[in-house]
Amino acid sequence: MTQFNETELTEAVIASFDNTPNPRAKFLLQELVKSLHDYVSKTGLTFEEWEYAIDFLTRTGQKCSDTRQEFILLSDVLGVSMLVDAVNHRDRDGATETTVLGPFYVGEHKVMPHGTDISPNNLSGEKMFVQSRVTDLDGKPLANVPVDVWHADDDGLYDSQKPNYDAVGASARARFITDGDGRFFFRTILPCSYPIPTDGPVGEMIMQTRRHPMRPAHVHFLVNARGFEPLITHVFMDGDKYLDSDVVFGVKDDLVAKVEPRNDTAMPDGTKANGRWHLMSYEFHLKPGGGMAPKPLGVKAGEPA
Ligand SMILES: [Fe+2]
């Protein structure tokens with residue numbers, strides 16, 4: 001029988017993965033053990049704290065469903081999502097900046113014609129017209145590219161967070177296909193800043209640690225062109241008071257767009273405007289490469305999205 005002191009224990013656990021056939025899996029597991037053991041040793045973790053952590057992670061898993069991902073939220077508020085994003089996008093070469101996927105990419109992205117109002121279900125809020133274009137790094141337009149968009153409404157909620165989601169279906173969520181000039185455009189309402197869900201263990205941690213739960217107003221975009229790196233990003237509204245303190249650390253300067261208030265009687269596609277509306281213009285520049293765009297929640301690996 002072998003008895004280990006603290007240092008020997010860590011070394012023994014690391015060595016226990018020595019025969020892992022996949023070298024990357026072996027590396028990841030051994031580094032994970034090193035970091036976890038280092039954390040326990042450095043903090044002198046008590047049994048009560050260890051039990052609390054186990055319970056916290058258990059509750060985090062129990063809060064997950066087909067339309068809710070509490071673990072992504074946990075990763076987001078700990079800055080892990082943005083760190084993974086950063087180490088995987090070190091050289092942008094002029095490509096549009098990336099940011100977190102967030103926990104509300106749940107699918108239901110039906111292809112809609114350009115100009116569609118994606119917030120037609122009597123959602124309150126001021127109207128916004130979004131006009132955009134997708135190009136490569138040289139500015140050459142990319143045609144037939146699917147672009148998924150989704151955002152929170154004036155209540156600060158995504159459609160999937162609402163109790164009537166199953167009955168009502170998707171809103172403020174759609175897919176557009178770029179035209180021959182790389183363009184797409186749609187109508188919606190102006191998104192507002194919103195709190196991340198605070199009715200689960202992650203929100204509990206945010207409130208108990210006196211952090212605020214707010215994200216600055218934004219629209220999510222997932223641009224997925226063949227032969228290019230999938231672009232997962234947001235466009236933020238300039239002037240939002242939470243731009244400097246996003247609870248998930250997701251803001252980058254290049255992703256902040258000036259959204260102009262307009263009083264013209266018609267929007268750029270000729271749609272009649274009733275009162276004040278807002279114009280968001282933003283171009284996406286893609287970097288050559290490959291890779292898979294993430295699947296929406298509830299879609300298992302191997303199933304079509
Ligand atoms: Fe969001």
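This is a predicted model: local features need pLDDT of at least 70, side-chain atom pairs count only at pLDDT 80 or more; totals for chains, interfaces and linings use all residues.
Local features need pLDDT of at least 70 and side-chain atom pairs count only at pLDDT 80 or more, while totals for chains, interfaces and linings use all residues. Residues are numbered from 1 along each chain as its sequence is written, and side-chain values use heavy atoms, with hydrogens and water left out.

Trainee: Which residues coordinate the iron ion?
Mentor: Look for donors, meaning N, O and S atoms within 2.8 Å of the metal (3.2 Å for Na, K and Ca). Water is not among the atoms, so sites may look incomplete. Here the distances run from 1.8 to 2.2 Å. The residues are Y158 (OH), Y194 (OH), H218 (NE2) and H220 (NE2).

Trainee: What arrangement do the four donor atoms around the iron ion make?
Mentor: Four donors are tetrahedral if all angles lie between 85 and 135 degrees. The angles here are 90 to 161 degrees, so the arrangement is irregular.

Trainee: How many residues apart in sequence are the parts that Y194 and H218 tie together?
Mentor: The donor spacing is Y-x35-Y-x23-H-x1-H. Y194 lies in strand β5 (residues 194-195), and H218 in strand β7 (residues 218-223). Strands (E, at least two residues) and helices (H or I, at least four) are DSSP runs, numbered from the N terminus. The pair therefore ties together parts whose separation is 24 residues.

Trainee: Is A172 buried or exposed?
Mentor: A172 sits in the loop between α6 (165-168) and β3 (173-177). Its phi is positive, about 55 degrees, although A172 is not a glycine. Its relative accessibility is 2%, so A172 counts as buried.

Trainee: Is N144 buried or exposed?
Mentor: N144 is in the loop between β1 (127-135) and β2 (146-150). Its phi is also positive, near 60 degrees, in a residue other than glycine. The relative accessible area is 61%, so N144 is exposed.

Trainee: Where is L36 found?
Mentor: L36 is partly exposed, with a relative accessible area of 48%. Its place is helix α2 (residues 23-43).

Terms used
Buried means under 20% relative accessible area, exposed over 50%, partly exposed in between (1.4 Å probe, protein chains only). Four donors count as tetrahedral if all angles lie between 85 and 135 degrees; four count as square planar and six as octahedral if opposite donors are over 155 degrees apart and all others between 65 and 115; anything else is irregular.
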